[in-house]
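Subject: Structure handover

Hello,

The structure I promised is below. My notes on what was found in it follow.

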Amino acid sequence: AIGALVAAGFDIDLRQPADADEMAEAIREGAGACAAVVVAGGDGTVNAAADALIAAGKPVGVLPIGTANDLALTLGIPVDPEEAAQVIVAGDTRAVDVGRVNGISFLNVASIGLSVDIARRQDPQRKQQWRVLSYLMTTIEVLGEAERFRAKIECDGETVEVDTYQIAVGNGVYYGGGMRIAEDAAIDDGLLDVYAVKAETILELMALAPALRTGTHIDRDDIVTLCGRTVRVTSDPPLPINTDGEVTTETPAEFTVDRAALTIFAPPSS
């Protein structure tokens, strides 16, 4: 990828931060002298850099070398590093929304319930070896221990109470290794797409998997779906929340969306 950018005439200031804090500091320190900032990693890496990237105000290139790369899938960025670099060279960009939950940024999805257990159980070695299949393997392990919880969801003035295995609030389109938050979801529509699974048993939950995978669950009686600009989720007791693969906050949760907060190099949208 670096070779492709250099061949196209870019000068590269290469930084290799050891953790998220160093990455944010590198962006704050170096972005002022650059025309663009390129982040190499998966969804968690881009998420960790999001606030610093927004503050920098420069277009962002994504080299999707992570486990799931759902943001890249949403934007049509190839997973091959050299092909992803050519997207940056081409220069086309999209202004995308950034979701926030309790002030914490997320690009793909924030979720409560089953996905938190999956995120906590994910093994780094398994992710390295099996890539996106590691999500499926971990999900199978976690399903046997899954429990429903009760929560209240408020979305743009509409209120529902549910007993559910999972609540997902999506800013983007894909999450969890290619799951689709909703069939008509978009990362630049200024809206959050919400669903809650009302299945009463693990077998019912497993039967829902194909619809959840393709985002065609919106009209089902055993799924609650909502869409709006602001969302509030409350539960008793408080429950942890997973944002783009990392457990970062808990309920009660206030969700909002920042319209066109980040500009990313991406192929022209169809």
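A salt bridge here is a side-chain nitrogen of Lys or Arg within 4 Å of a carboxyl oxygen of Asp or Glu. By this rule the count comes to eleven salt bridges.

Some ground rules before the details. This is a predicted model, in which local features need pLDDT of at least 70 and side-chain atom pairs count only at pLDDT 80 or more, while totals for chains, interfaces and linings use all residues. Residues are numbered from 1 along each chain as its sequence is written, and side-chain values use heavy atoms, with hydrogens and water left out.

Helices (H or I, at least four residues) and strands (E, at least two) are DSSP runs, numbered from the N terminus. Buried means under 20% relative accessible area, exposed means over 50%, and partly exposed is in between (1.4 Å probe, protein chains only).

Salt bridges

Glutamate 29 forms a salt bridge with arginine 15, and their closest N and O atoms are 3.1 Å apart. This pair links distant parts of the chain, with glutamate 29 in helix H2 and arginine 15 in the loop between helix H1 (2–7) and H2, 14 residues apart. Glutamate 29 counts as exposed because its relative accessibility is 55%, whereas arginine 15, at 34%, counts as partly exposed. The two also belong to a network of salt bridges that links Asp13, Arg15 and Glu29.

Another salt bridge joins the side chains of glutamate 25 and arginine 28 (3.3 Å, N to O). Both residues lie in helix H2, three residues apart, which is about one turn of the helix. Glutamate 25 has a relative accessible area of 40% and is therefore partly exposed; arginine 28, at 53%, counts as exposed.

The side chains of arginine 100 and aspartate 51 also meet in a salt bridge (3.3 Å, N to O). Here too the pair links distant parts of the chain: arginine 100 is in strand S3 (residues 93–101) and aspartate 51 is in helix H3, 49 residues apart. Arginine 100 counts as buried at 18% relative accessibility, while aspartate 51 is partly exposed at 43%.

Helices H2 and H3

Two packed helices are described by the angle between their axes and the distance between the axes. Axes are lines fitted to C-alpha atoms, for helices over the stretch in contact, and angles run from 0 to 180 degrees between N-to-C directions. Helix H2 (residues 20–30) packs with helix H3 (residues 43–56) at an angle of about 25°, and their axes are 9 Å apart. H2 is therefore roughly parallel to H3 (angles under 35 degrees count as roughly parallel, over 145 as roughly antiparallel, 65 to 115 as roughly perpendicular and the rest as oblique).

Which residues make the contact (heavy atoms within 4.5 Å)? On H2 they are Ala20, Met23, Ala24 and Ile27, and on H3 they are Thr45, Ala48, Ala49, Ala52, Leu53 and Ala56. These residues divide into nine nonpolar, one polar and no charged (Ala, Val, Leu, Ile, Met, Phe, Trp, Tyr, Cys and Pro count as nonpolar, Asp, Glu, Lys and Arg as charged, and the others, Gly among them, as polar).

Asparagine 47 is also found in helix H3. With 15% relative accessibility, asparagine 47 counts as buried. Leaving out residues up to four places away in sequence, asparagine 47 touches Ser105, Phe106, Leu107, Thr243 and Asp244.

Backbone points

One of the contacts of asparagine 47, aspartate 244, has a phi near 50°, a positive value in a residue other than glycine. Aspartate 244 sits in the loop between S14 and S15 and is buried, with a relative accessible area of 9%. Asparagine 69 has a positive phi of about 60° although it is not a glycine. Its place is in the loop between strand S2 (60–64) and helix H4 (70–75), and at 7% relative accessibility asparagine 69 counts as buried.

The peptide bond from aspartate 236 to proline 237 is cis, with omega near 5°. Proline 237 lies in the loop between strand S13 (231–235) and strand S14 (240–243). The bond from threonine 251 to proline 252 is cis as well, with omega near 5°, and proline 252 is in the loop between strand S15 (246–250) and S16.

Regards

Technical notes
Contact means heavy atoms within 4.5 Å.
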